[in-house]
Amino acid sequence: DINFYTIPEARQSNLRHRPVGLGLMGFQDALQALRIPYASDEAVAFADASMEAISYHAISASVDLAAERGQYPSFGGSLWSKGILPIDSIALLEEARTATGGTVNMDRTSTLDWEALRKRVRKTGMRNSNTMAIAPTATISNICGVAQSIEPAYQNLFVKSNMSGDFTVVNAALVRDLKQRGLWDEVMISDLKYFDGSVGEIDRIPPELKALYATAFEIDSAWLIEAASRRQKW
């Protein structure tokens, strides 16, 4: 992190462009609440819809702030000022790659009224040059008891060490589901420890829970890439 109050040049640049980074954490927890395995088309669709909503309302809020307090100083000449929104950058990328023999294969569907928002951006301007970021949220996600950022859970049971000491991290949703099925006992705790927080090798756990609570080491990375592609267009 950069302390803008101790670096005058950085602070001046920050005020000129006014970037902010609105992100998310607990993505897999949301999937688990919806009973959707991370490795599924439904999870990819949720990644798309959730990030579209964040993007739309973040940009809309920045327009509202611009109407109230003025545009950020370097707004003129920016992509925003030309009505180019994040999803429009796919076409620019495709044009650049096609010129060098490459291709772009991305889903470009949308559900919200982006044309109306585009007109607002061009007419009123933006208060912030950047509105979103995918942050790691490592420490605060542990404090809140959710998975980090957009990532699948590291393990369902593990010990994390930092300068403050050692902390046991457990997936409370998994514990709740196992208790409802009468499967949460000392043997289950020992099995989770033995299998490094993974439920995939524990025979008495039903297949639907194994899929729902798969860890980062058990999910094919292709699913993470597809979900990332859907988010990236926003």
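What covers the buried residues of α7? Keep that in mind while you get set up. This is a predicted model, where local features need pLDDT of at least 70, side-chain atom pairs count only at pLDDT 80 or more, and totals for chains, interfaces and linings use all residues. Residues are numbered from 1 along each chain as its sequence is written, and side-chain values use heavy atoms, with hydrogens and water left out.

**Stop 1: helix α7**

Select residues 172–180, which make up helix α7. Helices here are DSSP runs (H or I, at least four residues), strands are E runs of at least two, and both are numbered from the N terminus. Colour A173, L174, V175, D177 and L178: these are buried, meaning under 20% relative accessible area with a 1.4 Å probe, counting protein chains only; exposed is over 50%, and partly exposed is in between. Now for the opening question: the cover includes α2 (27–33), β2 (165–170), α8 (186–194) and α9 (207–212).

Next, click N171. This residue caps the N-terminal end of α7, with a side-chain oxygen 3.0 Å from the backbone nitrogen of A173. After the helix comes G182, which has a positive phi, near 70 degrees.

**Stop 2: the largest nonpolar core**

Select I59, W80, W114, V121 and M126. Among the 27 residues of the largest nonpolar core, these touch the most other members. A nonpolar core is a set of buried Ala, Val, Leu, Ile, Met, Phe, Trp, Tyr and Cys residues joined through side-chain atoms within 4.5 Å. Two or more residues each come from α2, α3 (41–69) and α5 (114–124), and α3 gives the most, with 6 residues.

Another core, of 13 residues, lies apart from that one; A173, M188, L192 and I205 are among its members.

**Stop 3: T215**

Go to the loop between α9 and α10 (221–232) and pick T215. Is T215 buried or exposed? T215 counts as buried because its relative accessible area is 3%. Leaving out residues up to four places away in sequence, T215 touches A153, Y154, Q155, N156 and G197; contact here means heavy atoms within 4.5 Å.

**Last stop: helix α6**

Finish at I140, which you'll find in helix α6 (residues 138–144). I140 counts as partly exposed because its relative accessibility is 45%.

Technical notes:
Polar contact = N/O pair within 3.5 Å; in protein donor to acceptor, adjacent residues only side chain to side chain.
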